[in-house]
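User: I would like a close look at one part of this model, the place where the two chains meet. Please set out the background needed to follow it.

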2 protein chains.
Amino acid sequence: MSIIFSRQCEYALQAVTYIALKPSGEMTSIKELAKILDIPYHFLGKILQNLVYKGLLISQKGPSGGFALGMAAKDITLFHIVEAIDGVDFTNKCVLGFPECSGKNPCAAHTHWGNLRDGIYQMLVSKNIAEMAKDMKKPEYQLAAG
Amino acid sequence: MSIIFSRQCEYALQAVTYIALKPSGEMTSIKELAKILDIPYHFLGKILQNLVYKGLLISQKGPSGGFALGMAAKDITLFHIVEAIDGVDFTNKCVLGFPECSGKNPCAAHTHWGNLRDGIYQMLVSKNIAEMAKDMKKPEYQLAAG
DNA sequence: CTAGATTAAGATAAAAGACTCCGAATTAAA
DNA sequence: TTTAATTCGGAGTCTTTTATCTTAATCTAG
């Protein structure tokens, strides 16, 4: 299949980014998120629950309840979310699965991959949700429910 | 989960690399591969079947039968194998799963990721099985069955 | 205070991926 | 020519991920 992040993780990134677009204090419901981002309702519920547990979001029950960011958008990096959902094992395993591959016995792709891996890590820690949200707001960036 | 290539794909890479170590003309059986590389026997059978179908390997039934490379080791790139097993969709999807993200409507990570993605692609097309095999042959690189 | 909206939580189902089993087909070696 | 080794092909199982369903707990609005 060749993926980097799980579907859960992709949903989480999208949802948190969308929530970051709302004026501070306003709550966003699962219903709205699921509809606009086209994510399965109950599945998204579980994911957001997890993010609340990890402190990245806060939640409120009842009418006009929903979810909001647990800290400033600029302080939530992509890494925070990926780590919360997927974990970050990919940072120290041989990409090609060679069991004996390590720093001391590198496979032919080891060093090359090391650089790429560092690059991915840098991207995750350097990009924050505020930046992501800014791009999502652009007019061309039409969402499912318009 | 954060993976890049499926387990099937990892097994394929390891098996093809091991086969490349054999003198040309000699066949390698599933039995030997499964034992030395510590890969489930029947599962490996299916994977190799697929690689034969795709032309990367050739096979021969019966005693002293097995598998051999379908072309010169230096002409089989990692890309060939990844493409045959996993497909290479990752080369044109948004890493973060944003459905609207594209070259024209890039998300904040798009350009940055584009470079990393190109790097991964370059690694896959530039590394070939002959190079991988050379490293596998090193003495430190002990295999499961010695 | 009540009703309805919403999250929380657990159990369940469906889909995909990883892996196994069995028997048929083929072929080299004895 | 027989036998045994091997790949081939299909069906089936197990596990993980993704997704759904149901009920309980909570809270706001009226």
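How many helices and strands does chain A have, and how do chain B and chain A come into contact?

Analyst: This is a predicted model. Chain A has six helices and two strands. Along the sequence they come in the order α-α-α-β-β-α-α-α, and the C-alpha atoms of chain A fill a box of roughly 60 × 30 × 30 Å along the principal axes.

In chain A, strand 1 (residues 57-60) and strand 2 (residues 66-69) run antiparallel and are joined by four bridges. Two of the facing pairs can be named: A:L57 stands opposite A:L69, and A:S59 stands opposite A:F67. The strands form a hairpin with five residues between them, and A:G62 has a positive phi near 80 degrees there.

B:S59 has B:F67 as its bridge partner in strand 2 of chain B. Five residues lie between the strands of this hairpin, and B:G62 in the turn has a positive phi of about 85 degrees.

Now the interface itself. On the chain B side, 43 residues are in contact with 43 residues of chain A. Together the two chains bury about 4100 Å², and 64% of that area is on carbon and sulfur atoms. The count of salt bridges between chain B and chain A is zero. Polar contacts do occur across the interface: the rule finds four residue pairs, with both residues of each pair at pLDDT 80 or more.

As for which elements take part, four helices of chain B each supply at least two residues of the side that touches chain A: helix 1 (7-20), helix 4 (78-85), helix 5 (110-126) and helix 6 (129-136). Helix 5 of chain B gives the most, with seven residues. Sorted by class, the side of chain B that touches chain A has 24 nonpolar, 11 polar and eight charged residues.

The last point is how the two copies are arranged. Chain B is superposed on chain A by a rotation of 179 degrees with 0.0 Å of shift along the axis, at an RMSD of 0.4 Å. That is the relation of a two-fold axis. Within chain B, the C-alpha nearest the axis belongs to B:I4, which lies 2.5 Å from it. The same surface serves both copies, since 100% of the contact residues of chain B recur in chain A.

Definitions and conventions: Residues are numbered from 1 along each chain as its sequence is written. Chains are lettered from A and ligands numbered from 1 in the order in which they are written. This is a predicted model: local features need pLDDT of at least 70, side-chain atom pairs count only at pLDDT 80 or more; totals for chains, interfaces and linings use all residues. Side-chain values use heavy atoms; hydrogens and water are left out. Contact means heavy atoms within 4.5 Å. Buried area is the accessible area (1.4 Å probe) that two parts lose on being put together, summed over both. A salt bridge is a side-chain nitrogen of Lys or Arg within 4 Å of a carboxyl oxygen of Asp or Glu. A polar contact is a pair of N or O atoms within 3.5 Å; within protein, one must be able to donate a hydrogen and the other to accept it, and residues adjacent in sequence count only if both atoms are side-chain atoms. Ala, Val, Leu, Ile, Met, Phe, Trp, Tyr, Cys and Pro count as nonpolar, Asp, Glu, Lys and Arg as charged, and the others, Gly among them, as polar. Copies are superposed by least squares on the C-alpha atoms of residues with pLDDT of at least 70 in both. Two strands pair if DSSP finds at least two bridges between them.
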